[in-house]
Amino acid sequence: MKHGFVNVATASPKICVADCNSNISQIIKLAKEAEARGVRIVVFPELCVTGASCGDLFFSDTLLDAAKNAVCSFVESTKGSDTIIIIGFPLVVNDKLYNCAAICQDGRILGVVPKSVLNNNDTRYFSVPSNEVLKLRIGEHETCFGVKQIFACSTLPALKIGIEVGDEAFAPISPATYCALAGATVIVNPFAGFDIVGADERREQLFGAFSAKCICAYIHAATRFGESTTDGVYGGNSLIYENGTLLENSSHPLWDNGICISTIDLGIISHDRRMATNFASVGSNYTVTDFELDITETKLDRKFSCDPFIFVKKDPHHSNGREEKILSIQARGLAQRIVKAHAKTCVIGISGGLDSTLAVLVAARACDMLDKPRTDIIGVTMPCFGTTARTRSNAELLCSALGTTLLTVDIGDAVKQHFADIGHDENDHNVVYENAQARERTQVIMDIANKENGLVIGTGDLSELCLGWATYNGDHMSMYSVNGGVPKTLIRGIVKYCADTASDGELASVLRDILDTPVSPELLPADEDGNIAQKTEDLVGPYEIHDFYIYYTLRYGFSPDKLYRMAKYALGNKYSDDELKKWLKNFAKRFFAQQFKRSCLPDGPKVGTIGVSPRGDLSMPSDASSAEWLRIIDSL
């Protein structure tokens, strides 16, 4: 429950048609098992107390009385437990029979929600309820009965539960839509239906789209085994979605009692609800019943991805869809800028590192789109004090493999002259020593671009921008920045994709060597063996850690303590708690302190769910304080 995480489950008991005592025993057993595993919300299938396939037995007083007694017995079994449990059963109200879901906790029935959109088979037995919410008694329990109900957790305000029953979820505008607009962040769907070819795929598409559109969690609990097979076989996969993402899909063997568990993150839902200004509210005509849950730091039953592709949605139709889509967005953005600027050439500082490699690959695609010769790409190598033979060679080989123009401008003498002009000792390898080289390189490529009627293509990536790992008015600046929306870990994935799919062996070979080269700005002299001495990740931290923090900070605004907890789940097998905390503090400090560099970024395409452009993605004061974030980190 802490940090908005809630463990939820679907539970599918072995149904014995019309034997309510047997069914309720199974339900109690599974409910207790789920609770023992840390689950706080458990959803059982539609009509699970009696079985959904009772047919005309639903008209039997014997069955209906047994169902009511079984529900009362179940409610008694929940005393002392704050776990929320939803079960399905038939109920007579004012001489009408309804297909209902009861939400129970700690010896109480919080409410009973009837199915309101009936299919042809339903109408033989069940009635359509009115919109009125009534008070009624089930055994010794007083409760509310009606469709328009929301169940709200007073101790975790982000948790509001809405219920829709069975296949009314397939209605053009389902009851869950109105529940979501009334504030429900978690929709539960007790379900029983025939398992026919294509049904699982349809449900996955439907509930995934609904969860994304209505910005909610969706828990679909399908019956698994035991229903009558007279005219069909009941079944299907239970599904747990969060804001469009499938968290869990039941895969238990047919003959097992199935408990399908995952952890939903109400922080994600609350954040996106706040951001969605078009999310209307119809909450005034809903009855809200409050309940409480203990807020504890339970074990989480979900995986937290540190996959670099977390920044971009997966294309289900193409295995390499995301890499191709990113390259296409970058190349199309650059191609249009070339046309609009009437530029003849693209000028790129080629270092032999990952970022400039991706930039020149994008430029090559842009030229191909415009039917321009790749010789209009001018790759400029600018060796200086820290340049190694390996990176210089890779820069040259890359340009050769792609067929671009290559220029070499040794900036060593120019930088030394600059040191002399400003009175700096060249043996003092401080920030002046480093930044003078970066600014000289920017001056060189800017002037070459002026000379060749060209655009300077920026190479800096999203990770560097978030950390401020760029020289202000040096590599920080360009005329169009193609990598500004792509984090470092994702750049590595895209370059690997280009290497794996390259038809040219020379290109594939140089790309793989670039991938194996340590990330470095090469602003300090190489070691005595000529190897890179200045390794970026030793200085600012591993990019896979920072990109994890960047994504969840910018996408959802998570607090540092939540980030730290999630990072331990995602990266704890590779890094110690102290390391994760150290780099979290470093990230928070740098992210705030370096905003001034992001406030004046050049244009460039956004490719994923987050960006830092000051013109639309990140509006943040350059002099904001990080004190509150650092206070939380220090308390971890």
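This is a predicted model: local features need pLDDT of at least 70, side-chain atom pairs count only at pLDDT 80 or more; totals for chains, interfaces and linings use all residues.
Threonine 345 stands opposite glycine 454 of strand E19. The strands concerned are E16, covering residues 345-349, and E19, covering residues 454-458; they pair in the parallel sense over three bridges.

Both strands belong to an open sheet of five strands, whose order is E18-E17-E16-E19-E20 and whose pairing is parallel. At its edges lie strand E18 (405-408) and strand E20 (480-481), each of which pairs on one side only.

The protein chain has 636 residues, and buried residues make up 57% of them. Its secondary structure comes to 19 helices and 20 strands. The C-alpha trace spans about 100 × 50 × 45 Å along its principal axes. Of the contacts between residues at least 6 apart in sequence, 74% join residues that are at least 24 apart.

A second open sheet contains seven strands in the order E13-E12-E11-E10-E9-E8-E15, and its pairing is mixed. Here the edge strands are E13 (245-249) and E15 (287-291), each pairing on one side only. Neighbouring strands of this sheet are turned against each other by 20° on average, direction ignored. Within the sheet, strand E11 (residues 217-222) and strand E12 (residues 239-242) pair in the antiparallel sense over four bridges. Isoleucine 219 stands opposite isoleucine 240 of E12. A helix accompanies these strands: H4, formed by residues 199-213, lies across strand E10 (186-191) as well as E11, E12 and E13. The direction of H4 is at about 30° to that of E12.

Attention may now turn to strand E3, which covers residues 84-93. Nine of its 10 residues are buried, so the strand is largely enclosed by the rest of the structure. Strand E3 has pairings of both senses. With strand E2 (residues 41-43), E3 pairs in the parallel sense over three bridges, and isoleucine 86 in E3 is the bridge partner of valine 43. With strand E4 (residues 96-105), E3 pairs in the antiparallel sense over nine bridges. There, valine 93 stands opposite lysine 96 of E4. E3 and E4 form a hairpin with two residues between the strands, and asparagine 94 in this hairpin takes a positive phi near 50°.

Helix H8 comprises residues 389-402 and helix H13 comprises residues 505-516; their axes come within 9 Å and cross at roughly 150°. Because angles over 145 degrees count as roughly antiparallel, H8 is roughly antiparallel to H13. The crossing in which H8 passes H13 is left-handed. On the side of H8, the contact is made by Arg390, Asn394, Leu397, Leu398, Ser400, Ala401 and Leu402. On the side of H13, Glu506, Leu507, Val510, Leu511, Asp513, Ile514 and Asp516 take part. Sorted by class, the contact of H8 with H13 has eight nonpolar, two polar and four charged residues.

Notes. Residues are numbered from 1 along each chain as its sequence is written. Side-chain values use heavy atoms; hydrogens and water are left out. Two strands pair if DSSP finds at least two bridges between them. Axes are lines fitted to C-alpha atoms, for helices over the stretch in contact, and angles run from 0 to 180 degrees between N-to-C directions. Angles under 35 degrees count as roughly parallel, over 145 as roughly antiparallel, 65 to 115 as roughly perpendicular and the rest as oblique. A crossing is left-handed if the near helix is turned anticlockwise from the far one by less than a right angle, and right-handed if clockwise. Contact means heavy atoms within 4.5 Å. Ala, Val, Leu, Ile, Met, Phe, Trp, Tyr, Cys and Pro count as nonpolar, Asp, Glu, Lys and Arg as charged, and the others, Gly among them, as polar. Buried means under 20% relative accessible area, exposed over 50%, partly exposed in between (1.4 Å probe, protein chains only).
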